Amino acid sequence: MVVQPLSNRCPGLWKMLTVAVCVALVGCLQAQELRGHVSIILLGATGDLAKKYLWQGLFQLYLDEVGKDHSFSFHGAALTAPERGRELMAKALESLSCPGDMAPSHCAELKDQFLRLSQYRQLKTAEDYRTLSKDIEAQLRQEDLREAGRIFYFSVPPFAYADIARSINSSCRPGPGAWLRVVFEKPFGHDHLSAQQLATELGSFFQEEEMYRVDHYLGKQAVAQILPFRDQNRRALDGLWNRHHVERVEIIMKETVDAEGRISFYEEYGVIRDILQNHLTEILTLVAMELPLNVSSSAAVLQHKLQTFRSLRGLHKGSAVMGQYQAYSSQARRELQKPEGFYSLTPTFAGVLVHVDNLRWEGVPFTLVSGKALDERVGYVRVLFKNQAFCVQHERHWAPEQSPCLPRQIIFHIGHGELGHPAVLVSRNLFRPSLPAHSWTEVQGRPGLQVFGRPLSDFYAYSPVRERDAYSILLSHIFHGRKESFITTENLLASWIFWTPLLDSLAHEVPRLYPGGADTGSLLDLEFNGGHLSFSQHQPEQLFPRPGLALKPSDFQVLGARYRESPLVSAWPEELISRLASDIEATALQAVRRFGKFHLALSGGSSPIALFQQLATGHYGFPWAHTHLWLVDERCVPLSDPDSNFQGLQAHLLQHVRVPYYNIHPMPVHLRQRLCAEEDQGAQTYAREISALVANSSFDLVLLGMGTDGHTASLFPQSPAGLDGEQLVVLTHSPLRPHQRMSLSLPLINRAKKVAVLVMGRTKREITMLVSRVGHEPKKWPISGVLPSSGQLVWYMDYEAFLG
């Protein structure tokens, strides 16, 4: 049987099909020719950022996209009057340049096209935005174009965001079917509260998917390569990228320029807000986060970043050091027209020690450093691996590809420095990395060039095939709707939650002066010990007199005195916590030497957190293996609840030290799926456990606090339970939620060999004064009933609680 082609059997049908296919193809080709028109509005078009980076970035976007699927118009906008604005914008556009491999004639042609598509307009009022929208719509009708979307780039101060956002939302949104993308530059707030307020305000005008917060470091090629590098080298890194092999991580951004010309900005923000809270923190999350299965998924990357933020150990004053270049205050006096006696406390240099408390990174120090007026301009991320090898042969015989004795490191070189360009460097004695061949190329060593004391030939070194400015990369991502390189609201607020407590604690600290440049020498060198970061050199003499400067905490020594006829130790918080931790360790060592074990009862709340952290990270000789940990009191919530005292103890101490699990004694507040039910006899159960394990029910040390109402443990003035009698452990009632509590009784506390009362903060000043004058009145002020019958009571108060 012979089957004839359809064209022979049904010629009419064949013609109809052919015509239909052709029409469809033409329609597809036309749609492909032009998917729509994009209007890009640059707000602040005559400002410094626009002149230095944004116009060039927009021109590069046009070069990349011209002749593809979209048509463009570029609107430079500012508050400046039209005639002057056009002059300033024309001057900014004079410096546009093409890639080096483009023919000059082609470059001139494209530049001319871009200039014709760019126009200046004054945008001051809501009516101006309505007019802009009408002009865009008129252009679309006139040229028979379909609108794809609009991009508004806010290169303006944050105080202007809300009014502009309101005008865009009410008067200048694109029509149905077109997208809107609004782009914001940092700073995104000054602390957590202001960032939250700004985010809420912007969120009332724009959807989350419409907002693109720029951190231009995420557009830098070496930084943008961190996640892809980790992804493409999973097999090699799986066994290395963890606490067992990584010694430390350094995230550094140094500048040679000072803050002159930007003093008003710096006085408000300082180096931590300017660099560490955003740029360096974002890099930290890229290095430390668990790698998602799909690193191209912005949603997956965000979730893993947020997990990393939740794992960051809280910062305290001992986590940071600050410096200020010598000329800064005189520059501030000049620029801000301050009187001769003005001296600023604004830091221009900062180093911060960060720990990620999870299984992968526990104990690995991440050091974040940035400063102005330093000896070189350079940015890099350096992952330094542990080296436990010993090589018998002389160093000259070590082969870079084989010798385990050479340093092992991975460096993401962000730019500048002696290398002079972005690069990814991997020690040859680690592994040969895989990088995308179309965008990264291997480079050979240059004679005499060294990186961290090693010749470049010791590394597999890669640099971008084509260097691109960060803003051109980010503008391309914005245009294509790729959000993985931008800061979401959740990400932003998580960062501010992490940084705000440290910033608050450092607000009145005096930074170390340094001369700047090479003259600084080793004055800013750092060293870390446990969870503390410090300068390697002691505070030098002042480089010039600073009249009228307030005394700083380090000018005071620990003060010894008496309070309520018992020993008192008073100091600034950091010194006080250090002293208390040392005293607890000394008591523990003495108890273990005498009795083989140490019974320690700890209070909850916020005051002991710094103590727990100090014990966990700065006291490696503590006899944890012989220590029994008890709770002084507990809220009647599940032990996993964030309000649980045990949960606080677990988060800040237990997960960092090695206490045998059978030596940990949480209060039994959650029995038979009920909380503190009398019939479950949880208090009696805990009392029996204490009697069975603690000789004479006499703890070696009990740590207490003091509330603003005079309560201690969970013994409250209006709840007489536990103030006297035979019960060792009692259920009590708190005026604050959660109301139900379990607590050691006052008679049991007074059996202790030593009781330490920790009192911190200005809010405790009034009760401290009151309790100093009262006698033994535990029903009014339970703390006044603390007096060990045969032991010692010591008060530990910071200066704010003691002196106000």
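The chain contains 23 helices and 34 strands, where helices (H or I, at least four residues) and strands (E, at least two) are DSSP runs numbered from the N terminus. The structure is a predicted model, in which local features need pLDDT of at least 70 and side-chain atom pairs count only at pLDDT 80 or more, whereas totals for chains, interfaces and linings use all residues. Residues are numbered from 1 along each chain as its sequence is written, and side-chain values use heavy atoms, with hydrogens and water left out.

Along its principal axes, the C-alpha trace spans about 105 × 75 × 70 Å. Of the 804 residues, 53% count as buried, that is, under 20% relative accessible area with a 1.4 Å probe and protein chains only. Among contacts (heavy atoms within 4.5 Å) between residues at least 6 apart in sequence, 76% join residues at least 24 apart.

An open sheet of 10 strands has the order 14-17-13-12-11-7-10-9-8-19 and mixed pairing; two strands pair if DSSP finds at least two bridges between them.

An open sheet of 3 strands, in the order 26-32-31, shows antiparallel pairing. Its edge strands are strand 26 (633–635) and strand 31 (729–733), each of which pairs on one side only. Here the twist averages 20° from one strand to the next. Strand 26 is connected to strand 32 (residues 740–744) by 3 bridges, the two strands running antiparallel, with E634 opposite M742 in strand 32. Helix 20 (residues 682–693) packs on this sheet and touches strand 31 and strand 32; its direction makes about 145° with that of strand 31. Such angles run from 0 to 180 degrees between N-to-C directions, and axes are lines fitted to C-alpha atoms, for helices over the stretch in contact.

A hairpin is formed by strand 20 and strand 21 with 2 residues between them, and G530 in the turn has a positive phi of about 65°.

Two helix contacts involve helix 16 (residues 489–506). Helix 8 (residues 192–203) packs against helix 16 at an angle of about 165°, with the axes 9 Å apart. Helix 8 is therefore roughly antiparallel to helix 16; angles under 35 degrees count as roughly parallel, over 145 as roughly antiparallel, 65 to 115 as roughly perpendicular and the rest as oblique. The crossing is left-handed, meaning that the near helix is turned anticlockwise from the far one by less than a right angle. In this contact, H192, A195, Q196 and A199 of helix 8 meet T489, L493, W496, I497 and T500 of helix 16. These residues comprise 5 nonpolar, 4 polar and no charged.

Helix 13 (residues 298–311) packs with helix 16 at about 15°, their axes being 10 Å apart. The two helices are therefore roughly parallel, and their crossing is left-handed. L302, Q303, K305, L306 and F309 in helix 13 meet E490, N491, A494 and S495 in helix 16. By class, this contact has 4 nonpolar, 3 polar and 2 charged residues, where Ala, Val, Leu, Ile, Met, Phe, Trp, Tyr, Cys and Pro count as nonpolar, Asp, Glu, Lys and Arg as charged, and the others, Gly among them, as polar.

Terms used: Buried < 20%, exposed > 50% of the residue type's maximum accessible area, 1.4 Å probe, protein only.
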